Amino acid sequence: MTIKHPEGVDFSYKDNRTEYEIFFDLMYANYLQEKHDNNESKDILSKTDYFESNQRFLLTKFKEEA
């Protein structure tokens, strides 16, 4: 069975986040994994609090890796 897609419609996935947003999301995921690995589930920061607490570090690290 063949499925016909409408012409002119792009079905590919497009990530509209900036490079920094992608970097931040990966860093936050790593932070959550580290907390889980160390059984520190009681004191996990929200994504917003993590960003506010680590903004300078994140920007410095992003520039280093760019």
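Predicted model: local features only at pLDDT ≥ 70, side-chain atom pairs only at ≥ 80, totals over all residues.

Residues are numbered from 1 along each chain as its sequence is written, and side-chain values use heavy atoms, with hydrogens and water left out.

**Exercise 1.** Determine which residues of α1 are buried and how they are arranged around the axis.

*Solution.* Step 1: Helices are DSSP runs of H or I with at least four residues, numbered from the N terminus. Helix α1 covers residues 19–37, 19 residues in total, and spans 27 Å from first to last C-alpha, close to the expected 27 Å. The expected span is 1.5 Å times one less than the number of residues.

Step 1: Buried means under 20% relative accessible area and exposed over 50%, with partly exposed in between (1.4 Å probe, protein chains only). In α1, Phe23, Phe24, Met27, Tyr28, Tyr31 and Lys35 are buried.

Step 2: These buried residues lie within an arc of 135° when seen down the axis of α1, so they line one face of the helix. The arc is taken from the directions from the helix axis to the C-beta atoms. Exposed on the other side of α1 are Glu19, Leu26, His36 and Asp37.

**Exercise 2.** Describe Asn39 by its place and its phi.

*Solution.* Step 1: Asn39 is located in the loop between α1 and α2.

Step 1: Its phi is near 50°, a positive value in a residue other than glycine. Asn39 is exposed, at a relative accessible area of 70%.

**Exercise 3.** Identify the members of the largest nonpolar core.

*Solution.* Step 1: A nonpolar core is a set of buried Ala, Val, Leu, Ile, Met, Phe, Trp, Tyr and Cys residues joined through side-chain atoms within 4.5 Å.

Step 1: The largest such core has seven residues: Phe23, Phe24, Met27, Tyr28, Tyr31, Tyr50 and Leu58. Its largest share, five residues, comes from α1.

Step 2: Beyond its neighbours within four places in sequence, Tyr50 has contacts (heavy atoms within 4.5 Å) that include Phe24, Met27 and Leu58.

**Exercise 4.** State the angle and the distance at which α1 and α2 pack.

*Solution.* Step 1: Axes are lines fitted to C-alpha atoms, for helices over the stretch in contact, and angles run from 0 to 180 degrees between N-to-C directions.

Step 1: The angle between α1 and α2 is about 120°, and their axes are 10 Å apart.

Methods. Helix = DSSP H or I, 4+ residues; strand = E, 2+ residues; numbered from the N terminus.
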